[in-house]
Amino acid sequence: MTRSSSAVLLVVLLCAGPLSAALPTPESHFGFRMGTDRKLVDWDGVVGYYRKLDAASDSVRVEELGKTTEGRPFLLATIARPETLAKLSTYQSLQARLADPRATTPAQAETLIEQGKTVVLLTCSIHSSEPASTMTAMEFVYRLLSEDTPRHRKILDETILLLTPSLNPDGVDKVAEWYRRYVGSPYEGAPMVDLYHKYVGHDNNRDWYMFTQQETRLAVEKIHNVWRPQIVYDVHQMGSTGARIFLPPWDDPVDPNIDSLIVQQVNEFGTAMAVDLTAAGRKGVVMNGIYDYFTPARHYQSYHGGLRLLTESASVRYATPITIPFSALQQDARGYNAQQRSWNFLEPWPGGRWRLRDIVDDQLIAFESCLYNAALKRPDLLRNFYRIGRRGLEAEGPKAFILPGQQHDPNALTRLLETLDFGMVEIQRAARDFRAGGRAYSEGDYVISLEQPYGRFAKTLLEKQKYPDLREYAGGPPQKPYDVTAHSLPLLLGVSVDEINRPFQADLQRVDSIRPPTGRVGQGELLRLSPAWSYSWKAVNRLLADGATIRRNETTGDFYVPAGTAWREELDRLATDLGLRFESVTAPPSGLRQLRTPRVGVYSGFVPIMDEGWTRWVLDDYGFEHKRLDNERAQRGDLRSEFDAIILPDASPRTLHAGYIEGASYRGAKIPPEFSGGLGDAGAAALREFAMRGGVILAFNEASNYAIERLGLQVENTLGEVSSSRFYSPGALLETEVDLAHPLCFGMQPRQAVWFESGPAFRPSFDREGPAPKSVLRYPGQNVLASGWLLGEELIAARSAVMDVPVGRGRVVLFGIRPQYRGQSNATFKMVFNGLFYWAD
């Protein structure tokens with residue numbers, strides 16, 4: 001070999017990528033090509049493949065960030081040039097400096113921009129019934145590292161790719177196991193009969209500002225907040241009968257707290273990805289339709305300086321191909337007609353056979369396009385990342401929010417502060433009394449200045465939302481939002497907050513960590529615990545489980561707990577851990593009722609109900625024991641022998657009564673007959689008998705309509721026959737007046753915002769016999785809207801939001817609201833907890 005040929009060989013080896021010849025293909029690891037009909041992967045296989053890549057390539061680093069809800073490894077794969085991987089902490093520090101213009105001058109920023117990389121976070125299959133992206137990602141990484149192309153070299157040179165193979169590994173296995181069970185049978189591709197996340201199912205991508213779930217917390221704490229990526233690309237699938245793939249620009253509305261520079265760059269990247277898909281001959285690409293850019297529940301990074309990109313691919317039945325004729329494609333999709341060419345949908349898909357591999361092919365193009373453009377525009381992205389931070393500091397509007405240290409529910413204040421702190425919001429505390437906005441504030445009050453890098457995140461969570469009145473056409477019906485229209489945490493949690501619009505002077509100190517209020521255990525043999533403090537319920541449940549004798553004042557709701565030597569150590573621990581105050585009492589009041597642990601049943605049929613999962617999460621978080629109440633157990637009757645309280649989660653009357661219909665088609669597949677049916681007539685009769693014998697039924701939101709219809713209640717839903725053009729509120733916070741003397745309202749405030757989501761409103765019905773129902777929460781006569789969107793206020797004004805209906809010796813409590821909404825609404829959790837003890841002995 002000559003010297004010149006040796007030099008050529010060296011150049012070829014250097015360009016070929018690190019150890020590319022040794023990389024295993026996904027096909028060799030799993031035994032099938034990614035996207036093969038009727039083939040899904042399991043999580044152990046995915047983990048094993050990334051471990052092999054880590055061992056074979058010095059351009060891949062795989063970390064286990066922690067365990068999922070059900071104990072599976074939660075992975076992050078970092079892909080970049082070896083020399084980049086060797087300095088990851090340096091790049092993390094660089095990102096942090098660019099993110100904070102207070103500490104970085106423009107000249108310093110230019111130096112950092114020259115040195116930096118575009119950080120792209122690619123997140124896959126948070127919705128486990130959308131399985132393609134987990135497979136696409138493995139094939140993409142293999143191609144990126146093994147195929148020596150100019151685009152791939154540019155990506156590796158200019159970017160750091162952070163890849164989460166799945167944001168819900170538990171669901172990867174749940175879906176694969178369910179699907180494989182019925183492949184080759186008439187039930188192939190049938191919908192699941194359980195949630196694919198233990199608690200929240202599809203709602204796991206609605207958790208990105210409250211951070212309740214383990215997977216959310218791992219992703220935010222150990223990826224987002226460590227890396228502050230310029231781009232987060234979240235990969236999804238959607239329904240089958242519209243476009244083949246959606247990309248930004250987003251539809252209206254756009255949250256005004258998302259910087260316009262972020263929105264414009266999102267528009268740019270989405271359009272570039274659409275260009276590449278069209279250039280590759282892919283049809284059915286839609287932009288600027290279907291999905292809006294409003295809520296932080298799905299867009300965490302866009303309140304932290306980064307772009308949030310989304311693709312949604314048309315689904316198949318898990319991995320089973322489908323055939324869709326052109327005539328069956330949607331003509332009334334939001335923002336476009338799938339059968340008609342338009343500016344944002346230029347080449348309609350002609351219909352025909354659609355396979356999992358088609359989704360993979362589209363996603364491979366989109367992945368490469370996103371990363372290649374991130375590489376090409378590296379200096380602009382980093383420079384704009386810095387500019388976004390500066391624009392945030394200079395933004396017009398409120399200067400700060402102040403949260404008084406003295407609150408009705410100090411635990412709710414702690415939870416709000418913990419949430420802001422977890423989202424990297426800086427929190428300060430007053431060292432002495434001060435004045436702001438014409439009001440006096442005290443030492444110890446909390447101040448959230450908006451002149452900080454993530455002030456926009458704080459602002460969107462702390463302010464009241466003013467959702468625009470969008471219509472399908474001028475004078476037409478309301479345009480349905482993609483999700484909901486409000487997210488005001490002070491209202492959800494029942495915390496007082498003041499918006500300050502002018503500069504003020506105060507001696508403020510940075511809060512380094514959020515701690516519960518200082519706990520206290522008084523002296524004496526009996527102590528009082530207030531129901532106003534959310535975490536009192538955690539303490540009560542722990543003490544009951546340990547055998548303590550706890551009594552409750554049936555007039556005020558106060559708890560009375562023993563304070564003898566045997567309990568002192570545990571009370572001290574509870575006071576410290578939960579920030580509770582056990583107050584001394586000289587003598588117990590009269591009218592105390594001894595509590596015992598309630599026997600709680602949560603209804604769960606065969607149709608997965610996300611509200612049921614959220615209910616279980618709240619009950620578990622607060623220490624309430626509970627059992628699943630399924631159709632078979634309900635229909636056997638004699639429920640009172642096993643349960644004191646039964647919760648019917650938010651679901652339609654049809655779902656609760658009938659469930660899946662045997663022989664009917666769902667997503668083109670029949671449900672296995674053993675999973676058909678609902679409560680039926682026998683279940684309804686058993687529920688009524690349960691209440692007659694002293695049990696309490698808590699019916700949430702639409703389940704209230706089931707209870708009215710099937711249990712023969714003397715109540716009318718006043719919104720039952722009202723069209724959406726007259727009344728509409730698809731997820732908002734509404735004001736209510738609270739009957740503080742009612743046992744369901746112990747610990748609450750006189751006025752409380754509640755979560756309303758297309759629910760009922762009540763009034764007594766006089767065409768049925770029985771004891772009169774009692775209104776517990778009532779909407780005011782005017783000014784009902786607290787945050788979000790409400791049309792037709794006059795139709796709900798002065799109506800009941802929660803109604804207590806006597807049935808025999810027991811009760812049915814109708815909630816026209818979602819009192820445990822997505823694990824967020826501390827203020828109305830108390831009604832649920834009070835209700836679990838609202839049964840007759």
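## An open sheet of six strands

Six strands form an open sheet with mixed pairing, in the order S20-S24-S21-S23-S22-S25. Strands here are DSSP runs of E with at least two residues, and helices are runs of H or I with at least four, numbered from the N terminus. Two strands pair if DSSP finds at least two bridges between them. The edge strands, S20 (520–521) and S25 (592–594), each pair on one side only.

S22 (residues 551–553) and S25 run antiparallel and are joined by three bridges. Arg551 has Gln594 in S25 as its bridge partner.

## Basis of the model

This is a predicted model, in which local features need pLDDT of at least 70 and side-chain atom pairs count only at pLDDT 80 or more, while totals for chains, interfaces and linings use all residues. Residues are numbered from 1 along each chain as its sequence is written, and side-chain values use heavy atoms, with hydrogens and water left out.

## A buried helix

Helix H15 (residues 455–462) is largely enclosed by the rest of the structure, because seven of its eight residues are buried. Buried means under 20% relative accessible area, with a 1.4 Å probe and protein chains only. The buried residues are Gly455, Phe457, Ala458, Lys459, Thr460, Leu461 and Leu462.

These buried residues of H15 pack against strands S13 (400–403) and S17 (446–449) and against helices H14 (410–422) and H16 (489–493); contact means heavy atoms within 4.5 Å.

Methods: Buried < 20%, exposed > 50% of the residue type's maximum accessible area, 1.4 Å probe, protein only.
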